[in-house]
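Open the model in a viewer and keep the selection panel at hand.

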Amino acid sequence: MIEEFKKFIMRGNILDMAIGIVIGASFTKIVNSFVEDILMPPIGLILSGIDFSNIFIVIKKGISDAGPYTSIEAAKQAGAVVIGFGVFINTIISFFITALAIFMIIKIFNKMREKMVKKEKEEKICPYCCSSVNIKAVKCPHCTSDLNK
């Protein structure tokens, strides 16, 4: 069982997945910073200074302080039960930005792959010397074999 586990862990797929998760976590931090520190302040300014991350509804007031609370952190520290839908709005915006970024990366990757496939279609393999030859060639430039046969 231990040998089987070692084989499972050492497979390339696991390593690729682990690298993807680490890079994804780092990318998430970048996107969150972009949304919270760059995107949301101007949007809040346009919407009369609203800070989405600080929009909340108090369901039950806290024991130590009856409010009003100036921030969601103050309400939580006072023991209030709050619904932080402003944070939810920020999370939704982060999701869409992340999805857009991933879409753009995949689109670029697909274009590169199409170019590679197109290049492969422009070449054929000589059946005699196994060299790569232009698809339009009638004679192999490497071994001079006739390719029209």
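Buried means under 20% relative accessible area, exposed over 50%, and partly exposed in between, with a 1.4 Å probe and protein chains only. This is a predicted model, in which local features need pLDDT of at least 70 and side-chain atom pairs count only at pLDDT 80 or more, while totals for chains, interfaces and linings use all residues. Residues are numbered from 1 along each chain as its sequence is written, and side-chain values use heavy atoms, with hydrogens and water left out.

Select cysteine 130, in the loop between strand E3 (123-125) and E4; helices (H or I, at least four residues) and strands (E, at least two) are DSSP runs numbered from the N terminus. Its phi is near 60 degrees, a positive value in a residue other than glycine. Cysteine 130 counts as exposed because its relative accessibility is 59%.

Next, go to the segment after E4 and select threonine 144. Here too phi is positive, near 60 degrees, in a non-glycine residue. With a relative accessible area of 55%, threonine 144 is exposed.

Is serine 145 buried or exposed? It is buried, because its relative accessibility is 16%. Show its contacts (heavy atoms within 4.5 Å): leaving aside residues up to four places away in sequence, serine 145 touches Tyr128, Val138, Lys139 and Cys140.

Finally, select phenylalanine 96 in helix H4. This residue is exposed, at 54% relative accessible area.
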